[in-house]
Amino acid sequence: MNREDCFNPEFEMMSRPEIEKLQLERLQKTVKHCMNSPFYKKRFDEIGLKPEDIKTLDDIRRIPFTTKQDLRDTYPFGIASVGLDKCVRLHSSSGTTGNPTVILHTQRDIDQWANAVARCLHMVGLRPTDVFQNTSGYGMFTGGLGFQYGAERLGMLTVPAAAGNTLRQIKFIKDFGTTAIHAMPSYAPRLREVMDQLGIDPRKDTKLTTFIIGAEPHSEAQRKRIEEMMGVKAYNSFGMSEMCGPGVAFECKEQNGMHIWEDYYIVEIVNPETLEPVPDGEIGELILTSINREAMPLLRYRTRDLTRIIPGKCACGREHKRLDRMKGRSDDMIILRGVNIFPIQIEKILMHFDELSSDYLITLTEASQDEMTVEVELNDAKFTDDYQHLANLTKTITRQLKDEILITPIVKLVSKNTLPRTEGKAVRVKDLRTHYK
């Protein structure tokens, strides 16, 4: 790895000892700063923990976890470590299940956030000569402004297209010479579908080379399908508003795990039941501590995302740890007849069949026993009338799903454009069981 391969070579080229030395310095500084937060001051006093007790990185385990419920209970500003007069921005969740979670930012936080996203985009080969189109929602959702500021910091011409209006998205791609696009994985097939209707081949008729995908779990097969249908390289990204937004972790050109920027975060993987640490390589819940924020740093935040640290060094040369793609969320896990199932397991199987599109819906119902129905759209209308082929295909999919999830689902192959569409994150699971409400 050369310096020109890095946007922030001072931090990206750090060795493990250098990373850990910086992490301890920033952790100790952050913990002291958090004593300005009424929430953290009270929590530390309750257990008799003082900032000076954090002497090593292992001492982070002495700090209690922070949860999403803590953010809701202290709504709106109870976890802030600075006064509102020092803040220039807030973002929040929708609050559909209670108080929204609010995250505050100082100007320094915004600047550091822009640097982190620019670092990510530079790492996958984007440069000031690229044209970057952002199909994320703007406003309170961090995906819009986060990628906007990062792309601008890198020096690219940016197209703040926002979400939806696929015809306009395609017009912008063609007219502005868009080379890179940020989109949810479930939106890429919709883009290609409308391009086909317009007679546009993205490989021949556009300048697209790079897709940045994230915000919803997706399988490796889904990523490969996006690359093939759009003629691009698709890079996985991870972010969350509680940690600032996008830019927390990102794939490099090796596409073998997402480097988490350890000069910004301390990462732990724990067993979601026992909350004890698990070894590198083992799947568990992702715990993050922000160590480069002013307004509202969070200590040992339970993300509920399930992943693992990929052991070993990355071929790109960066020594920042790598997170595997998100398997799902501990609170999104389906429990069916005592079996734990994640939607990503089902997607992984479905994506292996060329006859199927990327759109599917899992419905859970109750009768004499709980049942799972998997509806998936066919990729082409020509398959619709080939009843024998459909029957054989249904049997094959059912058998492979049973082998993967240990439950026999009801598989229904439906015509293209049958399932509902959303402009935001795709709805993959509909649970109609009353005893799980």
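Visitor: Where does C244 lie?

Guide: C244 sits in the loop between strand 7 (233–240) and strand 8. Helices (H or I, at least four residues) and strands (E, at least two) are DSSP runs, numbered from the N terminus. This is a predicted model: local features need pLDDT of at least 70, side-chain atom pairs count only at pLDDT 80 or more, and totals for chains, interfaces and linings use all residues. Residues are numbered from 1 along each chain as its sequence is written, and side-chain values use heavy atoms, with hydrogens and water left out.

Visitor: What is the phi of C244?

Guide: Start with the general rule. Most residues other than glycine have a negative phi, and most peptide bonds are trans. C244 has a phi near 130 degrees, a positive value in a residue other than glycine.

Visitor: Is C244 buried or partly exposed?

Guide: Buried means under 20% relative accessible area, exposed over 50%, partly exposed in between (1.4 Å probe, protein chains only). C244 has 5% relative accessibility, so it counts as buried. Now take A162, in the loop between strand 4 and helix 7. A162 is not a glycine, yet its phi is positive at about 65 degrees. A162 counts as partly exposed, at 22% relative accessibility.

Visitor: What does F77 form with L84, L90 and M140?

Guide: A nonpolar patch on the surface, with about 330 Å² of accessible area together. Patches are made of residues with over 30% relative accessible area and no salt bridge; like charges are joined within 9 Å, and nonpolar side chains (Val, Leu, Ile, Met, Phe, Trp, Tyr) within 5 Å. A salt bridge is a side-chain nitrogen of Lys or Arg within 4 Å of a carboxyl oxygen of Asp or Glu. Accessible areas come from the Shrake-Rupley method with a 1.4 Å probe; for residues, only the protein chains shown count as cover.

Visitor: Now sheets. What is the order of the open sheet of 9 strands?

Guide: Strands of a sheet pair through backbone hydrogen bonds, either parallel or antiparallel. Here two strands pair if DSSP finds at least two bridges between them. The order is 4-3-5-6-7-8-9-14-13, with mixed pairing. Strand 4 (157–159) and strand 13 (309–310) are the edges; each has a single partner strand, so one side of each is left without a neighbour in the sheet. Strand 8 (residues 245–251) and strand 9 (residues 258–260) run antiparallel, joined by 3 bridges. There F250 stands opposite H259.

Visitor: What about the open sheet of 4 strands: which order do they take?

Guide: The order is 20-19-18-21, again with mixed pairing. Strand 20 (410–414) and strand 21 (429–431) hold the edges, each with a single partner strand, so one side of each has no neighbour in the sheet. The twist averages 20 degrees from one strand to the next. Axes are lines fitted to C-alpha atoms, for helices over the stretch in contact, and angles run from 0 to 180 degrees between N-to-C directions. Strand 18 (residues 356–366) and strand 21 run parallel, with 3 bridges. I362 faces V429 across that pair.

Visitor: Which strands does helix 11 touch?

Guide: Contact means heavy atoms within 4.5 Å. Helix 11 (residues 343–350) packs on the sheet, touching strand 18, strand 19 (370–378) and strand 21. Its direction makes about 140 degrees with that of strand 18. Helix 12 (residues 387–405) lies across strand 18, strand 19 and strand 20, at about 135 degrees to strand 20.

Visitor: How many residues of strand 10 are buried?

Guide: In a regular strand the side chains alternate between the two faces of the sheet. For strand 10 (residues 265–270), 6 of its 6 residues are buried. Y265, V267 and I269 lie on one side, and I266, E268 and V270 on the other. Strand 10 pairs with strand 11 (residues 284–290) in the antiparallel sense over 6 bridges. I266 stands opposite T289 there.
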